[in-house]
Amino acid sequence: MRALALLVLVACTDVRDQGGPWEPAAEITGELAPDLGPPPVERAVPATLRVATWNVHFGKDTDGIAANIAASPVLSTADVILMQEIEAYPEEAGTRASRIAAQLGMTWFYAPARVEWNGTHGIAILSRFPLETPLVKQLPYIDQAWNSRERNAQAVEVVLGEARVRIVNIHLDLRIGVVDRIRQLSPAVVELDGPALLGGDFNSNPYAWLDSAVPLAGTEAVVGADQAVVLDDYFAEQDFRGAIPTTTATMRIPVYDIRIDNLYAHAYEITAAGVDHLDGSDHWAVWADVAL
Amino acid sequence: MRWVLSSVLAASTAYAEPAVTATATPVEEPANVFYVELLGKAGAYGVGYERQITDRLSLGIAGSYADLRGQQVSTATPYVHARLLGRTHTLFTELGAVFVHTRTPSPVPEWEGMSDSGGGGFAALGWQHDWKHVLVRASGSVLVGEGRATPWLGVAIGVKR
């Protein structure tokens, strides 16, 4: 009976809007104003760009996160790190992205998606090279049975001498089916023109969902076509190549190893990629080397 | 499939009651069960049918179709049901196969969508309560599929004919 009541309760998921346009970061004011760091120390342009993405699970322990990155043979050599689920609070000495970046000698671009308590929650790009043309995009809002949240994407050009590399960072909803996931992701992908690297936490869990409430773990387990498979099919049709396969876990939960984070390259060659099993978050970091 | 039947028969034999012999009285209970299931072996829900073939064993099939905010999931689940202990409060086990077809239509113009089919197996252990013409069940199961195994729960209510 309780399950029946739950089904009635939750049959109200909806897509409330189509998201917003790509907005220049400088034009966004108020509580959701982005935070951008100064240009980093100048360095030689590499032949290969190492990009990583890591959901830092709120990023509260900035010292610990910075120390984990610095201690990792892989992530300590990353030129660009995309972070998701990172926050900022007025009582803290700067945004968490800025504090982590400063300890790593990187610049930063923090883009809040929503107000959280008396602060903000969002995504960030950390870079060892200067950043240009920072943009922010509100993604389509998926109205769920509970805990619906604003989601965003951010885009930036990494300055590598005369060249520019467009990088996009994304964090999608968790408790949504794959059709809504593609609907939420699409605006951030189709409006890109030219070569780009796109990464983030796509929350591509291996379930179909009963209206954002009940994960149908059984049937999806049998089919084997989890959301990561569908996501890769979508990106392949847009001529993006993924860094890691669907069988490589980026998060461990009871029973399942699931790939919910990844990096995708359009018109760039990924020469090496993998997962860095860092401590400090419920996610692991995905990294990729991209030939320039 | 042979190992599935063997396992069920072995389990059934292991719990056989001493009084049961080759000349036991004929089965008096209705031989057919029609039921609906929530979150069971057939996915979000299931509609099933069972045919009793011996005092302890039944053959069954359950299926479902669901449109989950655009993603269409169809399932078919043939299985063997075996009563292990009890009469009105029954401990039972089920072993079977699960076939699933998923179609994901595209919500956006730049993608064609995709579909996929897969198969796997399941083993369940559950409790059943019987009235004269009605039964209710609750079961826990393990589904094994393409690269994954997962626990799952289900409840069902059925009629006996």
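1. Helix α4 of chain A is mostly covered, with 11 of its 13 residues buried, where buried means that 20 or more other C-beta atoms, placed from the backbone, lie within 10 Å of a residue's own. Among the buried residues are A:Val178, A:Ile182 and A:Leu185.

2. This is a predicted model, in which local features need pLDDT of at least 70 and side-chain atom pairs count only at pLDDT 80 or more, while totals for chains, interfaces and linings use all residues. Residues are numbered from 1 along each chain as its sequence is written, and chains are lettered from A and ligands numbered from 1 in the order in which they are written.

3. The helix α4(A), residues 178-190, reaches 17 Å from its first C-alpha to its last, close to the 18 Å expected at 1.5 Å a residue. A kink of about 30° lies at A:Gln184, shortly before the proline A:Pro187, the bend being the angle between axes fitted to the seven residues ending there and the seven starting there.

4. In chain B, eight strands, β1 to β8, form a closed barrel with antiparallel pairing; strands are DSSP runs of E with at least two residues, numbered from the N terminus, and two of them pair if DSSP finds at least two bridges between them.

5. Strand β1(B), residues 32-38, pairs with β8(B), residues 149-160, over six bridges, and B:Val36 has B:Ile157 as its bridge partner there. Seven bridges join β1(B) to β2(B), and the hairpin of these two strands has six residues between them, with B:Leu39 in the turn showing a positive phi of about 55°.

Conventions: Helices (H or I, at least four residues) and strands (E, at least two) are DSSP runs, numbered from the N terminus. The expected span of a helix is 1.5 Å times one less than its number of residues. A residue is buried if 20 or more other C-beta atoms lie within 10 Å of its own, exposed if 12 or fewer, and partly exposed in between; C-beta atoms are placed from the backbone.
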